[in-house]
Amino acid sequence: MRVSLNWLNDYIAPRRTPEELAHELTMVGLEVESIDKPGERYAGFVVGSVALVSKHPNADKLSVCRVDVGGETLQIVCGAPNVAPGQKVAVGLQGAVVPKNQHDPAGKPFTLSQVKVRGEDSYGMICSAYELGLGDDRQGIMLLDPGAKVGMALAAYLGLDDSVMEVGITPNRPDAMSHIGVAREVSAIVSRAMKLPKPVLRESSRPVKKALAVRIQDPSDCPRYSARVILGVRLESSPTWLKDRLTAMGVRPINAVVDVTNYVLMEIGHPLHAFDYDKISGHEIVVRRLGTPGPFTTLDGKERVLRPDALMICDGMKPLAVAGVMGGMNSEISDTTRNIVIESAYFHPQGIRRTSKHLSLSTDASQRFERGADPNITLWALDRAAGLIQELAGGEILKGVIDVYPRKVKPKKVTLRIKKVNEILGLSLDRKAVSALLRKIDLNSIAGDSTARGKESLQISVPTFRPDIEREIDLIEEVARLYGYNNIETTVKSFSGAQRGIRSGRSLDLVRKWLLGSGYNEVVANSMAETSVANLATDRFVKIANPISKEMGALRTSLIPGMLAIMGSNIARGNKDLRLYEFGRSYLLADERSKGEYLPEFIEREELLLAFSGAALPHAWDVKQREIDLFDVRGELETLFQKIFLDKIQFIPYSNGNTLTQAGLTIEIQGESAGLLGVVRKEIREEFDVSNDVLVALLDLNVIRKHLSEERRYVPLARFPSVHRDVAFVVDQSHAVGSIEACIRDGVRNLELTVALFDVYIGDQIPAGKKSCAFALEFLSRDHTLTQSEIDQVMQSVIGNVSKVFQASIRA
């Protein structure tokens with residue numbers, strides 16, 4: 001957004017150079033991207049008065065002029081045929097750079113100096129409009145207003161003695177998209193109150209409600225609609241000051257009525273629109289959805305096809321304007337307009353954004369409504385515009401205002417804890433200091449609670465022009481920027497000593513580092529998906545109220561579909577051996593069994609997804625290649641859990657026809673479900689054009705954080721030797737190896753035990769329907785050397801336990 005410093009001075013005088021002000025605005029969050037000083041190109045040019053013109057003694061087409069430039073009179077040789085005494089002219093002094101040289105085909109600029117022209121000294125130049133870059137007239141000099149002050153800088157005469165800042169307004173700050181909005185920030189910077197203009201208008205005795213009616217059929221998208229009627233206006237050109245200000249903003253002046261609506265938009269940030277009153281059928285305005293789709297010609301002369309749900313400003317017979325975006329040709333202000341209606345409304349941001357995106361039409365009005373205009377400024381903006389139109393174009397303002405506002409939007413109330421402010425910012429501010437900072441930008445505290453708890457916090461009334469402030473942390477951010485980010489001390493705390501535990505926040509960094517070091521690549525998928533994709537995992541998906549596109553109609557219910565889409569894209573490009581991971585969130589509607597942590601009706605899960613496809617090992621000439629399988633993935637997870645000091649891990653086989661995976665294992669940490677690993681179903685992966693098998697491991701990060709080892713303990717190396725034994729059990733093929741392993745562990749007491757499966761055999765050497773599972777067992781005692789008899793007793797316990805539970809036999 002462009003901000004004129006001359007205009008800004010109407011509300012607050014910064015008393016700073018443009019560069020100093022730009023720096024301070026940037027430091028409070030309004031980044032000044034550039035400063036344009038249009039008057040700089042006219043440095044060295046002044047208003048002069050031609051006192052005397054005489055014929056050049058040595059040239060028929062030249063004149064020798066005496067020109068008063070304020071304080072001195074210069075002799076200037078001039079070749080223009082229209083120069084005459086008494087004229088006010090633009091004079092370039094020695095050292096000034098003339099923007100265009102009319103004697104150069106390329107029109108390159110040149111610098112003035114004292115020269116002799118056919119024997120006569122010339123100490124400057126009387127300029128034409130072309131030479132100044134202000135027009136195409138090359139034949140004669142540019143004549144100025146006879147009332148122009150002699151010696152006045154030409155830039156000031158042209159209204160260009162200004163500095164215009166280009167301010168990058170972030171989408172969450174619609175309040176700053178105006179000169180008054182920026183003035184409010186400047187007021188906080190300089191600690192002085194700004195002054196706002198007071199609308200001045202004269203109403204007639206005729207009531208406006210007899211001349212115009214307004215109905216809102218869709219109050220959800222148009223909560224407020226205000227209007228005034230002015231009769232008998234004159235469509236004249238705007239005065240110079242108004243034209244100059246609009247031009248500085250990059251807005252083309254049109255006529256006094258339209259220019260005033262644009263001026264108020266740039267002043268207060270609230271969009272207005274003017275209709276030709278006589279073109280409104282039945283003198284009734286109806287705010288409604290279009291209903292039947294059809295063409296509509298907007299003010300830019302383009303015919304546009306609108307959606308049925310587009311919000312329109314209509315009369316009793318036809319649409320008049322696309323609400324909050326652009327008016328229509330059929331009700332525009334034209335040369336024949338004498339009576340007008342000024343609209344000042346508030347439209348819901350989502351509806352305007354939807355229509356603007358559909359039409360690929362972004363306007364100054366739509367940009368402000370999309371971000372969130374102030375519903376409680378409509379009357380001020382309306383009166384301001386009506387008063388200026390009456391001043392510049394005359395007219396009779398009918399008595400009263402039409403203001404349809406069925407459900408008033410009230411300021412939000414947000415509690416701010418002083419302790420929380422200081423904790424987050426590292427400051428030591430008291431309640432009074434915090435209140436004073438926020439009061440600078442009209443965030444006022446509400447008097448009330450006198451208890452001890454009340455004295456430790458502030459209840460802040462958030463004005464409706466700040467839709468971005470919803471939570472306590474938003475207020476803390478305001479305190480930080482008003483206090484000054486550069487005033488917040490940056491401290492580094494150091495400590496020595498052994499680390500005793502892993503903080504849960506740091507654990508994710510460890511996991512990410514381990515994954516990257518192990519050859520994984522991180523991906524980031526969109527958290528929104530088509531409803532059909534969200535429905536793959538569950539029908540309890542969360543729909544998006546106003547989706548930008550069909551592909552973003554719901555929040556994802558699982559990280560797996562998004563990962564499959566990425567894998568499909570990689571495989572299509574020949575990258576088939578994949579190890580990918582994503583930290584992300586999935587979302588579900590709550591049911592009777594579970595409620596959300598933040599909002600009861602929504603469940604939000606933070607998860608880590610690992611995905612594998614292709615070869616299990618790197619390609620090499622001496623390595624026999626094979627596809628990655630569940631055992632490889634389980635091994636990866638066991639290594640990861642060891643890295644972050646998680647123990648008591650179990651992998652339990654499951655069979656579930658309602659999930660995205662099959663042939664998988666449920667992961668339990670200390671008896672609590674923490675995720676799953678499995679093979680993605682063929683019919684699911686084929687929907688994403690993935691031809692290879694895909695294995696996934698999905699971990700619940702909240703469960704992992706809960707069970708992280710908070711303390712590291714040193715365990716000395718064993719002083720006594722361990723003992724190794726192998727045993728092979730013949731069991732039914734239906735029994736899971738993990739269950740047999742758990743049973744082996746149950747048979748060992750008071751010894752450390754390591755169990756490793758090293759062989760599974762199914763074949764002719766054992767009965768049909770059976771399998772042989774061979775385990776390597778390692779026993780260790782910390783306080784003595786194990787004897788043969790001790791090991792025999794332990795082995796008997798293990799064999800007896802497994803034989804009893806699984807009807808197992810020992811394979812010889």
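Helix α7 (residues 349-359) packs against helix α8 (residues 364-371) at an angle of about 140°, and their axes are 7 Å apart. That makes α7 oblique to α8. Keep in mind that you're looking at a predicted model.

**Helices α7 and α8**
- If you follow how the two helices pass each other, α7 crosses α8 in a left-handed way.
- On the α7 side, the residues that touch are P349, I352, R353 and S356, and they meet S366, F369 and E370 of α8.
- Sorted by class, this contact has three nonpolar, two polar and two charged residues.

**Helices α6 and α9**
- Two packed helices are described by the angle between their axes and the distance between the axes.
- For helix α6 (residues 256-268) and helix α9 (residues 378-393), the axes cross at roughly 140° and come within 9 Å.
- Here the crossing of α6 past α9 is right-handed.
- From α6, the contact uses A256, V257, V260, Y263, V264, E267 and I268.
- From α9, the partners are W380, A381, R384, A385, L388, I389, L392 and A393.
- What kinds of residues make up the contact of α6 with α9? It has 13 nonpolar residues, two charged ones and no polar ones.

**The largest pocket**
- Rolling a probe the size of a water molecule over the atoms shows where empty space is left.
- The largest pocket has a volume of about 1600 Å³.
- Its lining is made of 46 residues, and the ones nearest the centre are R634, E638, I649, F651 and E741.
- Two or more lining residues come from each of these elements: the helices α17 (630-643) and α20 (737-746), and the strands β34 (649-654), β35 (661-669) and β39 (752-761).
- Which element gives the largest share of the lining? That's α17, with eight residues.
- By class, the lining of the largest pocket splits into 22 nonpolar, 14 polar and ten charged residues.

**Two loop residues with positive phi**
- S191 isn't a glycine, yet its phi is positive, near 60°.
- To find S191, look in the loop between α4 (179-190) and β13 (203-207).
- D442 isn't a glycine either, and its phi is positive too, at about 65°.
- D442 sits in the loop between α11 (431-439) and β27 (444-445).

How values were computed
Residues numbered from 1 in each chain as written. Predicted model: local features only at pLDDT ≥ 70, side-chain atom pairs only at ≥ 80, totals over all residues. Heavy atoms only, no water. Axes fitted to C-alpha atoms, helices over the stretch in contact; angles between N-to-C directions. Helix = DSSP H or I, 4+ residues; strand = E, 2+ residues; numbered from the N terminus. Parallel < 35°, antiparallel > 145°, perpendicular 65-115°, else oblique. Left-handed = near helix turned anticlockwise from the far one by under 90°. Contact = heavy atoms within 4.5 Å. Nonpolar A, V, L, I, M, F, W, Y, C, P; charged D, E, K, R; others polar. 1 Å grid on protein atoms, 1.4 Å probe; cavity = no way out; pocket = protein on both sides within 12 Å on 5 of 7 lines; lining within 4 Å. Points joined across faces, edges and corners; volume = space filled by probe spheres on them.
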